[in-house]
Structures are given as C-alpha cells and as structure tokens.
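Student: Hi! Could you walk me through this one?

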Amino acid sequence: CVPTENCFVPISEIISVEEHELNKKQRNIGKWQKMTKLHAFTVYYVKKARNHRWRCSDVTFWCVDEHLCNQWIQALKELLEMQKSRPKQLLVYINPYGGKRQGKRIYEQKVAPLFSLASISTDVVITEHANHAKDNLFEVNIYKYDGVVCVGGDGMFSEVMHGLIGRIQKDSGIDQNNPKASLVQCNIRIGIIPAGSTDCICYSTVGISDPVTSALHIIVGDCQPLDVSSVHHNNTFLKYSVSLLGYGFYGDILKDSEKKRWMGPMRYDYSGFKTFLSHHYYEGTIAYQPAKHTLGSPRDKDSCRTGCYICKKSEQQLAEQHKDCGLKHEEGEEEWKVIKGKFLAINAVNMSCACPRSPKGLSPAAHLADGSADLILVRKCSRFDFLRYLVRHTNQDDQFDFPFVDVYRVKSFQFTSKLSEDNESNVMDIGKKRFGQFCRDHPACCCNVVNSTWNCDGETLDSSAIEVRVHCQLMKLFARGIEENCKDEAAYSQSSAEQLL
C-alpha cells in the first residue's frame with residue numbers, strides 16, 4: 001500500500017512505531033497479489049485539525065525486504081528514544097464526580113489506549129473525596145514519575161497543583177506561610193485531561209478542551225511554564241491561583257452558585273444573572289507593585305502563543321532585576337501604588353482566562369509565563385455600562401476601553417476593606433488609612449455591611465484582606481501554549497525538516 005498523500009511529520013510528533021501484520025485482504029491488493037511474504041510497519045502520529053484539535057492518525061509502509069523493514073523500525077524507534085522530554089511513567093488522578101461524572105469513562109476509553117500505544121506506564125488513583133489527590137501527593141514518591149495527570153475540571157487541577165507545589169516546598173524546607181519566601185520551582189509537569197464543568201486552564205493553555213488533544217500533548221512531552229500567584233492573609237498561606245482571582249462580581253457568582261450545585265453547570269448562568277441584577281459594589285483600597293520587567297502591556301495586541309517571546313524575555317529581565325536590585329529593594333514601599341475606590345469587580349488574572357463563551361478571555365493579552373498578573377478594576381457604574389463591559393468579553397472589541405475600567409500589569413498586590421481594617425488593623429502597612437465600607441447600589445439597602453468572596457480559580461476565599469504575589473514560572477504543564485495556526489505544521493517546526501518520514 002502506498003500512502004495516498006505525502007506526509008510531513010516531525011519526529012517530535014510521532015507517537016509510536018509498530019510492526020504490522022498484513023491480513024489476507026491486504027496481501028491480495030494489486031501488484032502485491034503474487035508475492036508470498038510481505039513485511040510492514042505502522043507509524044502512529046499526531047494529525048492536526050481545525051481549532052487546535054489533535055488526533056492520532058497512522059500510515060502503514062510495507063515491502064518484501066524484511067531486513068529493510070526492520071531497519072526502518074529500528075531507526076524510527078531510536079529517534080523516538082532520543083525525545084528525552086517524553087514521559088515514560090505517569091501518576092494519574094481521576095475525579096469520578098466532576099462535571100457530568102464522565103471522568104473515568106473518558107480516561108478509560110479515550111486516553112488510556114493512547115498512553116498504552118505510546119508505551120507509557122501509569123499508576124491510576126480514583127479520588128474518593130475532596131483533597132484526596134492533594135493529600136496523596138504528600139505521601140507517594142513523586143520523584144519516580146515524569147509527570148502527574150489530572151482527569152477532571154479546574155477544581156481537580158487546583159487540587160493536584162496545590163499538592164505538588166506544596167510537596168516540593170515541604171521537601172525543600174520552604175515555609176509557605178511566609179508571603180515573601182522564594183518558592184522552589186516545580187519541575188514535575190502536570191497534564192490536564194478536561195472532564196469537568198469548567199476547563200478554563202486547559203482551554204487557555206492548549207486552545208481547546210478536548211481529552212484526546214490533551215493526551216497527545218502529554219505523549220509528545222510538551223512543556224509550558226506557568227506563573228502561579230500565592231495568596232496570603234496575615235502571614236498565613238491561603239491558596240495558589242493560576243487563572244482568576246476575582247472579588248465582587250465573580251466572587252458573588254461563585255458564592256451563590258455553590259448553594260445550587262444540584263442545578264449542574266446551569267447554576268453559573270442563573271447565579272450570574274442574579275448577581276448582575278443585585279449590582280453590588282464594594283469599597284476598598286488596592287495597593288500594587290507594577291511589573292516593570294515585562295515587555296508587553298494589558299492593552300496591546302500581543303497574545304501569548306507557542307514559544308512566546310515576551311514570556312522568555314520577561315523571565316530573563318526579571319532574573320536580572322533580582323540579581324541587580326535584590327528582593328529587599330524590590331519590595332520597598334516607594335514602588336507601591338495605591339488606589340482607593342468603589343468597585344463592582346476586582347479581577348487578577350495570570351492568563352487570558354479564555355473559554356468557549358469568551359474566546360478572548362478576561363484579559364486577551366495576559367501571558368502564561370511572564371511573571372506578572374493583569375489587575376482589572378471595574379469601578380462603580382450603571383447596570384447598563386456594566387452590561388456593555390461584560391458583553392465585550394464575547395466579541396473582538398477592546399474590553400478595557402471604558403472610563404470606569406482600569407487595568408494594570410502587576411507582580412504583587414494587596415487588598416483591604418474597611419471591615420478588615422477595623423478588625424485586623426495590622427493586615428497591611430501600605431495605603432491602609434481610610435478603607436471604605438461595603439454597600440449596595442440602592443439606598444434601601446445602603447446600610448447593610450456585607451462581605452464579598454474571593455473567587456480563587458473556582459474556589460471560595462472568605463478573607464477580604466489578602467496579599468498576592470506572582471511567582472514566575474513556578475510550575476510546568478504538558479502543553480505548548482496556543483499555536484498560531486494548528487494546520488501549518490512546517491511553520492511549527494522548521495528544525496525538524498531533516499527528520500522527515
């Protein structure tokens with residue numbers, strides 16, 4: 001059999017090579033009909049489709065020369081062995097309850113066969129309760145694995161991330177409760193097989209929420225560094241965040257939706273509409289440190305893509321800044337900027353937070369690994385203006401082009417409310433003098449003092465006074481960022497031209 005079309009396949013995107021046994025029907029095709037003994041091998045490789053979707057495809061080659069056939073098989077297998085970034089042993093956590101409760105089925109039917117094809121051995125753990133994976137990561141020998149895979153939604157990823165980063169800090173003797181501690185980079189990559197209600201992190205780092213695509217990224221050994229923000233309150237560690245840290249609108253949606261889990265994913269729509277109508281605003285003070293080491297800005301058109309130049313350059317400049325100035329000078333009070341106001345929403349994002357409903361995300365130009373977060377402040381405005389702002393998330397218009405919206409690229413920030421200021425006067429020393437009260441937008445309820453909730457990657461944080469710091473490339477994913485053009489394979493890997501099949 002001769003392939004019907006030419007195949008250009010970088011060796012980095014070949015999944016496996018297997019000897020192929022020709023069946024009787026194949027032996028009786030055309031010019032091979034009179035030959036008695038045929039030898040063949042099949043190459044399984046990544047085939048890229050539209051919208052960043054990957055699939056496993058294959059092509060079979062055969063000939064009458066057994067020695068030649070074996071030479072090809074041996075040569076290709078040796079080339080695959082040289083791909084040192086590929087995982088050979090993985091620890092897999094499956095959340096059987098997340099999303100539509102399809103995690104176990106998705107893994108067994110769509111992912112496990114691909115791992116087997118690529119000769120990847122796995123240890124699988126079916127989680128039985130909240131924080132099962134996190135607790136387990138503190139007990140197992142994580143260093144014998146080439147990566148950890150989570151099958152579930154953003155909540156499952158957060159659990160695995162907390163367990164893995166926490167374990168690395170514990171083994172390195174780092175106190176996570178110290179907000180100024182330099183955390184040790186986690187070099188054990190995390191793979192995400194999307195199977196939850198929300199798969200924002202997968203979508204923002206791969207370009208699609210598709211289990212097969214994510215499995216193939218894991219198999220070929222892709223590596224995407226990722227910034228992580230640590231959240232503290234009064235020198236106590238609370239959470240890590242890699243996507244959205246939101247107070248006000250998005251915090252209120254999460255708090256309300258948690259009471260309606262019986263509704264399934266539709267609870268977010270219901271709670272979002274209810275929260276929009278309530279139109280709460282919150283008064284407080286933000287203090288932040290500008291991310292001077294980054295090349296881009298939140299309002300430019302340079303989206304983070306595969307091999308992002310801004311992320312690479314920002315990492316270098318941040319390292320030079322640390323070396324020249326030192327951490328002590330960086331955190332000097334003179335570099336802090338303070339903003340006081342009434343806000344409908346306070347959002348800090350480490351990535352675009354793109355999803356199918358919002359293809360550009362909350363901050364389209366946010367970068368995955370530049371050591372900064374985009375701090376978005378939506379000030380008090382009318383319901384109509386706020387609706388105009390929300391609608392911008394679904395189209396191509398500049399969502400920051402409003403007089404009531406401010407956006408800053410920061411490396412750390414702090415927020416304190418008047419309620420926190422009254423009860424915990426020592427939370428922060430910067431800009432803490434006059435922190436207003438929480439209120440509603442209509443006079444009848446203006447006397448009610450209420451707290452919002454922080455939405456930390458889909459999990460609630462009740463503390464309204466927090467300190468946040470971005471840790472540049474603290475962890476790594478089995479991903480490569482979003483490719484500019486998935487179908488343009490030649491542009492992706494010019495260096496692989498000499499490794500054609």
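**Aromatic rings and a sheet**

Tutor: Happy to! One aromatic cluster is formed by F249, Y250, F276, F386, Y389, F402 and F404. Rings of Phe, Tyr and Trp (its six-membered ring) pair if their centres lie within 6.5 Å; planes under 30 degrees apart count as stacked, over 60 as edge-to-face and the rest as tilted. This is a predicted model: local features need pLDDT of at least 70, side-chain atom pairs count only at pLDDT 80 or more, and totals for chains, interfaces and linings use all residues. Residues are numbered from 1 along each chain as its sequence is written, and side-chain values use heavy atoms, with hydrogens and water left out.

Student: How many aromatic pairs does that rule give?

Tutor: The count comes to 15 aromatic pairs. Take F41 and W72: their ring centres are 6.3 Å apart and the planes are at 20°, so they are stacked. F41 lies in strand β2 and W72 in helix α2 (residues 66–81), so the pair ties together parts 31 residues apart in sequence. Helices (H or I, at least four residues) and strands (E, at least two) are DSSP runs, numbered from the N terminus.

Student: Is F41 buried or exposed?

Tutor: F41 counts as buried, at 5% relative accessibility. Buried means under 20% relative accessible area, exposed over 50%, partly exposed in between (1.4 Å probe, protein chains only). W72 is partly exposed at 41%.

Student: Switching topic, what stands opposite F41 in β2?

Tutor: That's E19. β1 and β2 (residues 39–48) pair in the antiparallel sense over six bridges; two strands pair if DSSP finds at least two bridges between them.
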